[in-house]
Number of protein chains: 2
Amino acid sequence: MLAGGLGGSRCVEALARAAGPESVTAIGNVGDDLELWGLHISPDLDTILYTLAGLLDEERGWGVRDETYQAMAVAEQAGREAWFTLGDRDVGLHLQRTRLLKKGEPLSTVTGKLAESLGVRVRLLPATDDRLRTKILTQEGELDFQEWFVRRRHADRVDGVRFEGAESARPAAGVLEAIAAADFVVIAPSNPFVSIQPILAVAAIEKALAGKRVAAISPLVGGRAFRGPLAEMMASLGHEPGARGVRALYGDLVSTFVLDREDEALAGEIPGAVVCDTVMVAAERRAEVGRGLLEAMQ
Amino acid sequence: MLAGGLGGSRCVEALARAAGPESVTAIGNVGDDLELWGLHISPDLDTILYTLAGLLDEERGWGVRDETYQAMAVAEQAGREAWFTLGDRDVGLHLQRTRLLKKGEPLSTVTGKLAESLGVRVRLLPATDDRLRTKILTQEGELDFQEWFVRRRHADRVDGVRFEGAESARPAAGVLEAIAAADFVVIAPSNPFVSIQPILAVAAIEKALAGKRVAAISPLVGGRAFRGPLAEMMASLGHEPGARGVRALYGDLVSTFVLDREDEALAGEIPGAVVCDTVMVAAERRAEVGRGLLEAMQ
């Protein structure tokens, strides 16, 4: 699976419950990684880890349930800007990630260790071990992803998206092998522009997918995203709104396109469309939705 | 004042309460600083800050009261060695310190900012902004200070103490000026070997003290330290045990030597001895003890 943040993490969990965690390799977006307080933070990888470990604050959609915020309170008091919320457990995870990266271990190895420590059995790989950063073009100029998304609450209209470092980024260790060995590849119902395209921007990954059976799950249901600014981005970036526009975005890369039952009426006009329940917001529904997805995609 | 850890912090508080915080400059030991998890930790400076801010866990003698340990729990689960306890509020302070040091600010400037953020009005300066590290010679070889003190619970007999980097360490910004401007200098009742000597090991500081009136307060009362291995170190390093041995250690540097009432009988044989209450363990007694100390030393 190629997966971004919240939608991606829920889909990884759904398929892991349906197929068994050892059958799933998730390739995660690192375009929204950031350095803060000297810590290396990988928000999308963390959301997947926390979701699979049963730790995610599902209500909020990020971070750990029942978290404390003592470290941030002190650092904020001592003058740090506190626009990006880090809980104490977050900080522990980031400290360990940062320490291992500084020792020279690649992000993929580090992510494997963090996953193991959390008891996560899905294999989670960053798209790349190299530095790749999503930049958002707005009327205010080009913003770092998290500056746009968190600090400015994605209020600025998106006029373009760029992936800094993508030209020279190589797939992380294990990514091409996982794609080669996969029965099929799933593109999670994540934001295509800022969750999936930063993965595909690693040229060798997109090339490896060309020979595979690829199914994408629509992140828009009834024209709306469950969370986040995707619907607005479709419009501002000049794409047809709704599931049909997302399907067109993926083009030849995708042979199967999964629509939610709510969008069943669109199936006739969408190449490769299949229809099933795709709503995975409630954790207790994920196993069942995962089984339906597996069946629809196979 | 020259001050080390717990005893030093209590004495700084006592004198600050007696003389007013703006009248006191504390020059703190940095020989037991360490890097851990990529964080720069200054345990002695922190103990002084926490004590003056009313945050210290007085029972334990280090760290913050009512602390949480979420970050460490996660990092430990992820494989970090956890022999040095860091609370979440500690981590927040260290993150901010580390971030400012990485920006190139000297430790003295950073310490001033941290003190301000905690509402501490005593001026706290590290002895040096340069790297100076206390090493402990034992039968097991030379150990880093914290390895000996915390990790191995100072169980190894101390055969020698060395201050790595002392030859080239310069006084931190403001230290020589503070000494020059002081009415008199107080050596806190801290461990001379590992709290005071690493300050004096900065040659320009020891030299600046030569022209000043210096009073030392005995860290041994009735031959015992309130906490820590000083009595054992006096013996293993070949010094006479008790207050008289500490007085001899400081030699000509010190003109006044403050004994606790319990040691009044020693006063006749100790050059420059004065006697007063010196026990500052209970926070509510510190103002009064501070007034007595001020009077005795002046």
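This is a predicted model: local features need pLDDT of at least 70, side-chain atom pairs count only at pLDDT 80 or more; totals for chains, interfaces and linings use all residues.
**Overall form of chain A**

Chain A holds 12 helices and 12 strands, and its C-alpha atoms fill a box of roughly 60 × 45 × 40 Å along the principal axes. Its radius of gyration is 18 Å, which agrees with the value near 19 Å that a compact globule of 298 residues would have. Buried residues account for 48% of the 298 residues in chain A. When contacts between residues at least 6 apart in sequence are considered, 65% of those in chain A join residues at least 24 apart.

**Core and buried helix**

The largest nonpolar core has 172 residues, and those with the most contacts inside it are Met1(A), Val12(A), Met1(B) and Val12(B). Apart from neighbours within four places in sequence, Val12(A) is in contact with Met1(A), Ala3(A), Val24(A), Ala26(A), Ile48(A), Leu52(A), Val122(A) and Ala188(A). Two of these partners, Ile48(A) and Leu52(A), are also among the buried residues of helix H2 of chain A. In that helix, which spans residues 43-52 of chain A, 10 of the 10 residues are buried, so H2(A) is largely enclosed by the rest of the structure. The buried set includes the charged residues Asp44(A) and Asp46(A), together with Pro43(A), Thr47(A) and Tyr50(A). Just after H2(A), Gly54(A) takes a positive phi of about 75°.

Ala180(A), by contrast, is found in helix H7 of chain A, residues 175-181, and counts as exposed because it has 10 C-beta neighbours inside 10 Å. The C-alpha atom of Ala180(A) is separated by 43 Å from that of Ala71(A), a residue 109 places away along the chain.

**Contact between the chains**

Where the chains meet, 26 residues of chain A are in contact with 26 residues of chain B. On the chain A side, the elements that give two or more residues are helices H3 (70-77), H4 (88-102) and H5 (107-117) of chain A, and H4(A) gives the most, with 10 residues. By class, this side of chain A has 11 nonpolar, nine polar and six charged residues.

**The three-stranded sheet**

In chain A, three strands form an open sheet in the order S7-S6-S8, with antiparallel pairing. Strands S7 (141-144) and S8 (160-164) of chain A stand at the edges with a single partner strand each, so one side of each is left without a neighbour in the sheet. Neighbouring strands of this sheet are turned by 30° against each other on average, direction ignored. Chain B likewise has an open antiparallel sheet of three strands in the order S7-S6-S8, whose twist averages 30° from one strand to the next.

| Feature | Residues or elements | Value |
|---|---|---|
| Strand pair, chain A | S6(A) (residues 133-138) and S7(A) | four bridges, antiparallel |
| Strand pair, chain B | S6(B) (residues 133-138) and S7(B) | four bridges, antiparallel |
| Helix across sheet, chain A | H8(A) (residues 192-200) across S6(A) and S8(A) | about 35° to S8(A) |
| Helix across sheet, chain B | H8(B) (residues 192-200) across S6(B) and S8(B) | about 35° to S8(B) |

Methods
Residues are numbered from 1 along each chain as its sequence is written. Chains are lettered from A and ligands numbered from 1 in the order in which they are written. Two strands pair if DSSP finds at least two bridges between them. Axes are lines fitted to C-alpha atoms, for helices over the stretch in contact, and angles run from 0 to 180 degrees between N-to-C directions. Two residues are in contact if their C-beta atoms, placed from the backbone, lie within 7 Å. The radius of gyration is taken over C-alpha atoms; the globule rule is 2.2 Å times the number of residues to the power 0.38. A residue is buried if 20 or more other C-beta atoms lie within 10 Å of its own, exposed if 12 or fewer, and partly exposed in between; C-beta atoms are placed from the backbone. A nonpolar core is a set of buried Ala, Val, Leu, Ile, Met, Phe, Trp, Tyr and Cys residues joined through C-beta atoms within 7 Å.
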